[in-house]
Amino acid sequence: MSIGRDDVLHVARLAELKVAEHEVAPLVKQLNGIVDFVAQLAAADVPVDTPEFTVGPVRASLRADVVAPEPLARSAERMAPDWQDGFYVVPRLGHQEIES
Amino acid sequence: MSAVRHISEAVRSGRTTARRATLHAEELLRRADAKGLNAALDWSPEYLGSEAGRIERAARSTRQALPLAGVPVAVKDNIATLDLPTTCASRILDGYISPFEATAVTRLRAAGAFVACKANMDEFAMGSSTEWSAFGRVQHPDFPDRVPGGSSGGSAALVAAGVTPVALGSETGGSVRQPASFCGVVGVKPTYGRVSRYGLVAFGSSLDCISVFGEKVDDAARVLSVISGHDPHDATSAELPPLSLATPRTDLKGLTIGLPEEFFPADLHPGVKAALDHAIEQAKALGATVRRVSLPHAKYSVPTYYIVNPAEAAANLARFDGVRYGKRDGGSQVDLPGLYRATRGTGFGPEVRRRILVGTYVLSAGYADQYYHKAMKMRTLITRDFTDAFSAGIDLLLTPTTPTPAFKAGDKTEDPVAMYLADIFVAGASLAGLPALSLPVGRSEGLPIGMQLIAPAFAEAKMLAAAAAFEAAIDGRREVR
Amino acid sequence: MTWETVIGLEVHVQLKTRSKMFCGCATSFGDPPNTNVCPVCLALPGALPVPNAEAIRLAALASYALGCTVHATSVFARKHYFYPDLPKGYQISQYDRPLATGGQIEIDSPERGRVRIGITRLHVEEDSGKSVHDRVPGKTAIDLNRAGVPLAEIVSEPDLRSPAEARAYLTAIKQILVAAGVSDCSMEEGSLRVDGNISIRRPGEPLGTKTEVKNVNSFSYIEKALEIERGRQVALLEGGGRVEQVTQLYDSSTNTLRPMRSKEDSKDYRYFPDPDLPPLVLDPIWLAQRKDELPELPDQKRRRLMERYGIPAQDAGVLVGEAALADHFEAVVTAGAEGKLAANWVMTEARTVWNESGGIEVSAPRLAALIALVQGGTVSHQSARKVYTLLRTDPADPKVVAERLGLVQVGDSDQLGHWIDEVLATFPAEVARYKGGEQKLIGFFTGQVMKKSGGKADPKGVGPLLARRLGG
Ligand SMILES: [Mg+2]
Ligand SMILES: [Zn+2]
């Protein structure tokens, strides 16, 4: 068993996912199944100097610095769950929660 | 003649019209819905009618022949369309209509094709059976109690049922090849970067490829040639022109085909084995040299995939937070963390939640080296196995697409790892970013069986030409035992 | 025993581009909320980032300006945290393979003189949007115009030894980046932001526990905030307590710090390479061109001004502090003025005008002509200052203006003699005291003559004439 109840609750908090109490035990079991399965990689022999995989072109192609926003066929306002005076609106953040 | 060629030539020559094509699509969609296939999500007669008008206007105003004139395409619901919703079969995006269009869809429509419907799928493309859709599971077109494979099961079922001759799906780890195999149609995954991902809702960004289903190899190839080619909106898009259509081959002379021993285990399903044995005999008869090869790290493909993919998925799905679009949950009294947790906790289904949790875990402090970084190194080794084989003179690798034919609905939903192992033969090419396809090569007790071809990066033309030769030589509907 | 303060700063500067880091939206300041947005910076499903070439060029320039090594290959990484003004749920930044590392700059420390401060790294990232807490009652309003604006994050070594030094470092960084044309570094528009890390220790001991000071939006506030935090740490340690790792938010209205409630998990950013972006690979030839492209930087300019014009280090430092003034100074010298005199004028009169209006209103040739009038004795220094003020709006020649105002000095001995006679007649008692030996009264008589002449009498002519009259 590599994953316990606390691990599930910890990652659920990091991922901002609500997990109801009755869901915890089944998740512990399922995640253990998955993590134990992928953990077979631990036994694999991988030379330490193996580079990590990068996908796609060897270098990023860049764009020219031109103001040309992709148009929105529907406005931001129409898509927003809550919108007032041109702003997206969310529940008030406590001052302590403010990050810069 | 392939259906795509037939329709487009008929529309171009005036033997039929785009309007008749959309009316026909409407009729077929109605029938499929009535049958309870549940493969099509959103479609509407009004939209089809407006598309018919658009295509007719385009045909009149352009001097160039529209290569896909009047061709109906089912589009997986994780590919952004302007006029039909794009929900990823998730409650969190229920009713969401994208304000921009995927590059692949723009190119299809500019070529004269139209989006017949959005296709059902596993939620956010997470699954191998299309049982994880928030809008209900998709039936296998021939065996209603079985699954069509996944995650692009809706697209596969629509092509297999004859509703559309071609469909767009998406591959992250076999999500087109595996359902193509289960449903008995052609499924082609291009090289990573060959088709723009702009407008494809990201799942595993380093793996995701818009891919194509067709009744025949030629159907898929024609669509691929339209949607491929560099796109400045995708930094991972290869700086190459669109794929040009190769002359189909009728033989395999001069080709060396490798059979990786790791893909032919002793416990392979007997029907799959019989169909593959027959295909290998045909390869030899068509003039190919067949050689056994080894891909020693292939056995780590699925565990590697199920680290990399959830890690990227957890990050890619962080944007679904109920702030700017989509569904918001939690009621009016909730604080911000409460809003996030309720929106995401109830908006995502069980498999999506599992992947997000696993992905967050393998990237979290103290575990990233052991899981994520080790997997990314293993990915390099898995890729090297393929490139070593190709540089040792192998032109194409030939394997079964899946270890078994389509399984019964409900068989694997309680056991995530068993579901993951349905992708054991398809994960490798995804991890290595290589082009691969599945071709029907027979049936076992009526269930379709697919053969996989894997090619070097950007060698789609060679792969498709060879697949056409196999297709001509093998009756994919033949019972193998 | 004293405490040694150890400070490192993280500075975020906005790179001066027209469009955002990863999309084509404008970066302009002050537009209506949520108008410079698109699928990419709204993090709509299916949108993808494409890096802005100009942002990379500016970041490379900034790196060279700060003496860094720019790496041919660097990697964009995702930094994860949930916040409503962070649309994707992660920020695209750089992590273990930043664009540049290992730089250093020289600054004028108020306590230690000229010191070198190491630059650990410079990396490129995107800005978040803005959360507005006082706009909608009981709610937080989000504006995403800033989301995706390109930033360079510059991390210093913990080489700073006082809050005042931290401020001097910021001033130097700003001067360098403005000179390099990389950023406007305007704190008002949010194009420069600072976070500080501070700890204290007994000299020679290992580093103490550091705390973070955030949310500071002016150069003087960073000094104040760090002062407060240093004081708090000293009091803690001297009271037998210990410093805990904490992030302090500065409130400028009360000049206080308050700790940010940190969620226990908030620091697990789960960085990994962004799979939407291949590595950033820069051609060595292109990089060499960027290095050559760098304009003269403040430090080089300071040395050059001292050597070429023979002005003191102090003056050169002041002039370099505002590039336009340094340029003006050089133009004044080129127009014929002597170095030190030109420096004095530019550092006083021209600088006052610059601070008022942001312009050089009196051109270099006219200032040089005015300086020549003073040197030639045509106008006094005091009068010349009046003339300078008029030259701001009057296009006429400085000499013409001086004449029109009657400020041209009178050297004519008849006129001077006339004024002297009048003064001596007005103060017979003082004349008697002078003649009795109070030689220092000569200054008093000179002053009275100047006053009588309305400042026009040339003091160089008044002295000898007075002496002759009084002695005769
Ligand atoms: Mg930063
Ligand atoms: Zn934008």
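**Figure 1. Lining of the second largest pocket, in the predicted model.** Helix 15 of chain B contributes six residues to the lining of the second largest pocket, the most of any element. This structure is a predicted model. The second largest pocket holds about 820 Å³ of space. Helix 5 (153–160), helix 7 (217–227), strand 9 (436–444) and helix 15 (460–473) of chain B are the elements that give two or more residues to its lining. The lining of this pocket is made of 39 residues, and those nearest the centre are Glu215(B), Lys216(B), Val217(B), Asp218(B) and Glu471(B). By class, the lining has 21 nonpolar, seven polar and 11 charged residues.

Figure 2. Helix 4 of chain B covers residues 103–110, and its buried residues are Thr103(B), Ala104(B), Val105(B), Leu108(B) and Arg109(B). These buried residues are covered by elements of chain B that include helix 3 (45–61), strand 1 (72–76), strand 2 (114–119), strand 3 (166–171), strand 5 (209–214) and helix 7. Just after helix 4 of chain B comes Gly112(B), with a positive phi of about 100 degrees.

**Figure 3. The loop between strand 2 and helix 5 of chain B.** Phe124(B) lies in this loop. Phe124(B) is not a glycine, yet its phi is positive, at about 55 degrees. Phe124(B) is buried because its relative accessibility is 3%, under the 20% cut-off. The loop also holds Ser151(B). The peptide bond between Gly150(B) and Ser151(B) is cis, with omega at about 10 degrees.

**Figure 4. The contact between chain A and chain B.** Chain A brings 53 residues to the contact and chain B brings 66 residues. About 5200 Å² of area is buried between chain A and chain B, and 70% of this comes from carbon and sulfur atoms. On the chain A side, the residues that lose the most area to chain B are Glu16(A), Leu41(A) and Phe53(A), which together make up 14% of what that side buries.

**Figure 5. The largest cavity.** The whole structure contains six cavities of 30 Å³ or more. The volume of the largest cavity is about 110 Å³. Its lining consists of 15 residues, with Val40(C), Cys41(C), Lys88(C), Glu126(C) and Gly148(C) nearest the centre. Of the lining residues of the largest cavity, 10 are nonpolar, two are polar and three are charged.

Figure 6. Val155(C) sits in strand 10 (residues 150–156) of chain C. With a relative accessible area of 15%, Val155(C) is buried. Beyond its neighbours within four places in sequence, Val155(C) contacts Leu9(C), Glu10(C), Ile119(C), Thr120(C) and Arg121(C). Cys185(C) belongs to the loop between helix 2 (163–179) and strand 11 (192–201) of chain C. Cys185(C) is buried, at a relative accessible area of 0%. Although Cys185(C) is not a glycine, its phi is positive, about 50 degrees.

**Figure 7. Helix 14 of chain C.** Helix 14 of chain C runs over residues 441–452, and the 17 Å from its first C-alpha to its last is close to the expected 16 Å. Leu441(C), Phe445(C), Thr446(C), Val449(C) and Met450(C) are its buried residues. The buried residues of helix 14 pack against helix 12 (413–426), helix 13 (428–435) and helix 15 (459–471) of chain C. After helix 14 of chain C comes Gly454(C), with a positive phi near 70 degrees.

Notes: Residues are numbered from 1 along each chain as its sequence is written. Chains are lettered from A and ligands numbered from 1 in the order in which they are written. This is a predicted model: local features need pLDDT of at least 70, side-chain atom pairs count only at pLDDT 80 or more; totals for chains, interfaces and linings use all residues. Side-chain values use heavy atoms; hydrogens and water are left out. Helices (H or I, at least four residues) and strands (E, at least two) are DSSP runs, numbered from the N terminus. The expected span of a helix is 1.5 Å times one less than its number of residues. Buried means under 20% relative accessible area, exposed over 50%, partly exposed in between (1.4 Å probe, protein chains only). Contact means heavy atoms within 4.5 Å. On a 1 Å grid over the protein atoms alone, a cavity is a set of points where a 1.4 Å probe fits but cannot get out, and a pocket is an open set with protein on both sides within 12 Å along at least five of seven lines; lining residues have an atom within 4 Å of a point. Grid points are joined across faces, edges and corners, and a volume is the space filled by probe spheres set on the points. Ala, Val, Leu, Ile, Met, Phe, Trp, Tyr, Cys and Pro count as nonpolar, Asp, Glu, Lys and Arg as charged, and the others, Gly among them, as polar. Buried area is the accessible area (1.4 Å probe) that two parts lose on being put together, summed over both.
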